[in-house]
Amino acid sequence: MSMQFPPFVVRRVHCDRPIVQGGMGVGVSLAPLAGAVAREGGMGTVSSACLDRLVSRRIGREVGAREAAAIEVAEAKRLSRGRGAVAMNVMVAIQGSYADSVLGALDGGVDAIVSGAGLPLSLPNVVAGHPRAEAVALIPIVSSARALRVLGKRWAAAGRRPDAVVVEGPLAGGHLGWKTAEEVEDPAHRLEVLLDEVLAEARRQGGIPVIAAAGGIFDRADVEAMLSRGAAAVQLGTRFLATEESSASPAYKRAVVASTAQDVEVAMEPGSPCGLPFRVLRSSTMYRLAAGGALRVRCDKGYLRGPHGCLAVREQGRYFCICNGLLSSAGYNAGEEPPLYTVGANAPRVDRILPVAELMAELVGAKPATLPQAVNA
Ligand SMILES: Cc1cc2nc3c(=O)[nH]c(=O)nc-3n(C[C@H](O)[C@H](O)[C@H](O)COP(=O)(O)O)c2cc1C
């Protein structure tokens, strides 16, 4: 007999269906996808990566990171029709706009901030002082119990504890939370092992109410397995990338459907200038150019430019021009820059593009006749 799915409830987030659509930057999970997932009773996530450019182009007026985040979140909330919840994913690695993205999401009425690609140690301090600081759920992404331990201590000093925590395993798309490709493949880092460890640490910290597991979850059986193991919700990325509502370019979605196991690689060199392993489709043009030594990185966007510039420019030949490659994959300047497709390990199993409503029904069954309104709608 198949299981009854419990609602996912943290702080003021109330989702009828315990499904979280993971943030997908650059420009893959925007308001249309996040709003559709929320409307189906899950938690949809807008990615804040490069949102200033994406929103400025769409509305025909130049906006900064804070206003862009507010506009996109407000649009996702409008599309949600008061159901489910809308989160904003903000990557620690994009330091230059981190605080503005978080504060803009709060301005726009976001229900939760989900933050990873580095440990979001400063997040409670960033939200403190905003009028919605107490309303918003703060959800770090970790890939180990140790990371949750470190984070728990730091946040306690700032008077907060995580409202939930996303455990991201080695099969996920995007950046992965280990230093080397070997560590990514280590059996000790399988999602099930990480989930058990993080659940134990969450209990030790007084029972952080929700654990969501991410990476390699594909179908209803996977959802049931993770919830039975103690996860309170499940986070998926790649399956939502291949939906009608995702803002990935049509060519990107077609490349996911056409992919085989041999096409998927955990890239390190050439790799991401963030210095973390990054899963890609080998068929993406930017990957092929970089692997063949033919990619000249010029860095005209600057999201990852630290005090010493972007690593990809300083050490030509070792890194992708990740900002331009990912922007191109979402249709931004696609004629000028080659695309870089990131996917989860499950991409080869995706065999068609489907609407979010159909995917949600496949994962957790038919939609309840009436969905309750989100508490803070
Ligand atoms: C195209 C793509 C882009 C992603 N971008 C981000 C991101 O910007 N920030 C982040 O924290 N996670 C990112 N992820 C990870 C997802 O949010 C999610 O946790 C992960 O993909 C789950 O694994 P799955 O793809 O096997 O379902 C990305 C994943 C994909 C597939």
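Reply: Domain bounds come from an automatic or database domain assignment. The model is a predicted one, and its chain is divided into domain 1 (8-248 + 350-364) and domain 2 (250-348). The C-alpha centres of the two domains lie 22 Å apart.

Me: What makes residues of domain 1 count as being in contact with domain 2?

Reply: A contact requires C-beta atoms within 7 Å. By that rule, 35 residues of domain 1 are in contact with 26 residues of domain 2. Helix α2 (51-59) gives the largest share of the domain 1 side, 3 residues. That side divides into 19 nonpolar, 12 polar and 4 charged residues.

Me: Why are β12 and β13 said to be joined?

Reply: Two strands pair if DSSP finds at least two bridges between them. Strand β12 (residues 264-267) and β13 have 4 bridges and run antiparallel, so they pair; Val264 has Leu281 in β13 as its bridge partner. Strand β9 (residues 174-175) also pairs with β13 in the antiparallel sense, over 2 bridges, and His175 stands opposite Phe278 there.

Me: Which way do the residues of β13 point, and are they buried or exposed?

Reply: Phe278 and Val280 point one way from β13 (residues 278-281), Arg279 and Leu281 the other way. In a regular strand, side chains alternate between the two faces of the sheet. All four are buried, so each has 20 or more other C-beta atoms within 10 Å of its own.

Me: What makes the largest nonpolar core a core?

Reply: Its members are buried residues of the nonpolar kinds listed for a core, joined through C-beta atoms within 7 Å. The largest such set has 128 residues, and Ala112, Ile113 and Val234 have the most contacts inside it. Each of domain 1 and domain 2 supplies at least three residues.

How values were computed:
Residues are numbered from 1 along each chain as its sequence is written. This is a predicted model: local features need pLDDT of at least 70, side-chain atom pairs count only at pLDDT 80 or more; totals for chains, interfaces and linings use all residues. A residue is buried if 20 or more other C-beta atoms lie within 10 Å of its own, exposed if 12 or fewer, and partly exposed in between; C-beta atoms are placed from the backbone. Two residues are in contact if their C-beta atoms, placed from the backbone, lie within 7 Å. Ala, Val, Leu, Ile, Met, Phe, Trp, Tyr, Cys and Pro count as nonpolar, Asp, Glu, Lys and Arg as charged, and the others, Gly among them, as polar.
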